[in-house]
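Please keep the sequence and the structure in view while reading.

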Amino acid sequence: MRFKPTVYHLMNVANGNEFEDKGWTLSDPKGGEPSLVRAVYDNKRFTPREDLDGIYRYAEWMPIRRTLKNSCAPVTYKSKALAKFLGLENLYITFSGWNPKIGATFQTCSFKETEAYSVLARLDEKDKRILIVQSAGNTARAFAQVCSDNKIPVVICVPQDCLHDLWFQRKLDKCVKLLAVPHGCDYYDAIALGEKLAEDPHFFLEGGAKNIARRDGMGTTILSCVEQMGRIPDAYFQAVGSGTGAIAAWENACRLAADGRFGENNMRVYVAQNEPFTLMYNSWKAHSRQLVDLAPEVGRRQAEMILAKVLSNRKPPYSLAGGLYDTLEASHGDVYLANNEDIMYWLLQFRNLEGYELLPAANVAVTALAKAVKEGAVKKDEFIMLNCTGGGTLHAMSKGFVFKEPDLILSPDLPADEIIRQVLKLF
């Protein structure tokens, strides 16, 4: 059966202006104050598709033109062991990683696959331009794997210090090209490299948080949870680098509330960062919509010090309309911190309790939940969603793996024309 593209239009979150998607629209064509745009789907009811596999069971609320192979939907179950340990009666864990025993088969062990399968399915097959993805690790791995499996050309820009995250269960297709910025550079430098490359018409940027497909792919985590829970959670926990996943969860909670069958959206969004990289924590605690100052050299040094390196975005979508600040405000949420010792403690504790290990970032989320319980921010009988955004790496890698070496190592300080010249030689 041929897939029919999802029907939707776009809305400017800041002013409500509605308009059509021209194919890869990332902002309101009329301009105005900085704002995310949101997909408004014709189907207002949450309708999982039993006829589609993997993540595409949620296709009705994904802005896609087609489906791709090898996807997996997030898996949600009601926790017993961790819930008992924390004294909680209704704790639901949504896991996006590798644990075949519970039905989770994310090849790259990260929920970033939810983004990749949505963003790449939004692509028009007739568009011959090459996609650019900028990443600190997990997003790169996810897009590289999905593009390789589905023969979609892509250029992925990452820091050289994150190359250890670029492992795969099998060799990638040659359609995937990897660019690295040198040692000492961070995620923001990878972003700068990609932006210079995008000055050439042969390439175009994926768009990050501004891409509705990225957010609505991530938002499938809460759809998975609500299928099991039967209602919108009272509280939602997730670690954040950009905050895009938390924004996506809030957007889908709003859609679920509008459906009318899952209760009102009283969900409090709790997010967490890895100390000492605490940009959004500091901004939120200062009650500031604008991000507090963070010198590039300080940000790079802090990023080097944290275990959850994917949580080190120096330019997150925090301040703009519809961003993380608005999500925290609207949901009466909060921001927590976890240090490296917390991550190691919960990595071991979670494995003992739930039977599988989490990636560092997911352990930051578990830390936040534990702290919220201890301080009384959540009640023992509330319905809680813990978004565990990745894990099962050791299990997956035990089957064998290969690393993807960079095709080029380029300084983000190079002129755009030189970057473009070198990259075009790869194709």
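## Basis of the model

This is a predicted model, in which local features need pLDDT of at least 70 and side-chain atom pairs count only at pLDDT 80 or more, while totals for chains, interfaces and linings use all residues. Residues are numbered from 1 along each chain as its sequence is written, and side-chain values use heavy atoms, with hydrogens and water left out.

## Aromatic pairs

The structure holds 17 aromatic pairs, where rings of Phe, Tyr and Trp (its six-membered ring) pair if their centres lie within 6.5 Å, and planes under 30 degrees apart count as stacked, over 60 as edge-to-face and the rest as tilted. Among them, Tyr318 and Tyr325 have ring centres 5.8 Å apart and planes at 70 degrees, so this pair is edge-to-face. Both Tyr318 and Tyr325 are buried, a term that means under 20% relative accessible area, with exposed meaning over 50% and partly exposed the range in between (1.4 Å probe, protein chains only).

The pair of Phe401 and Phe403 is also edge-to-face, with ring centres 5.5 Å apart and planes at 90 degrees. Here Phe401 is partly exposed at 38% relative accessibility, and Phe403 is partly exposed at 43%.

## Nonpolar cores

A nonpolar core is taken as a set of buried Ala, Val, Leu, Ile, Met, Phe, Trp, Tyr and Cys residues joined through side-chain atoms within 4.5 Å. The largest such core has 77 residues, and those with the most contacts inside it are Tyr56, Leu120, Ile156 and Met267. Leaving aside residues up to four places away in sequence, Leu120 touches Arg66, Leu68, Leu131, Phe143, Val146, Cys147 and Ile152, a contact being heavy atoms within 4.5 Å. A second, separate core of 37 residues includes Phe95, Ala338, Ala361 and Val364.

## Salt bridges

Side chains of opposite charge can pair when their charged atoms come close. The count comes to 26 salt bridges, each being a side-chain nitrogen of Lys or Arg within 4 Å of a carboxyl oxygen of Asp or Glu. In one of them, Asp21 meets Arg122 at 2.9 Å, N to O. Asp21 lies in the loop between β2 (18-19) and β3 (37-41) and Arg122 in helix α2 (residues 112-122), so the pair ties together parts that are 101 residues apart in sequence; these helices (H or I, at least four residues) and strands (E, at least two) are DSSP runs, numbered from the N terminus. Asp21 counts as buried at 18% relative accessibility, and Arg122 is buried at 0%.

Asp186 forms a salt bridge with Arg314, the closest N and O atoms being 2.7 Å apart. Because Asp186 lies in the loop between β11 (176-181) and α4 (187-197) and Arg314 in the loop between α9 and α10 (324-331), this pair links parts that are 128 residues apart in sequence. Asp186 is buried at 6% relative accessible area, and Arg314 is buried at 8%.

## Charges over rings

The charged end of Arg122 also sits over the ring of Trp24, 5.0 Å from its centre. A charge sits over a ring if NZ of Lys or CZ of Arg is within 6 Å of the ring centre and within 35 degrees of the ring normal. Lys315 lies over the face of Tyr188, at 5.5 Å from the ring centre.
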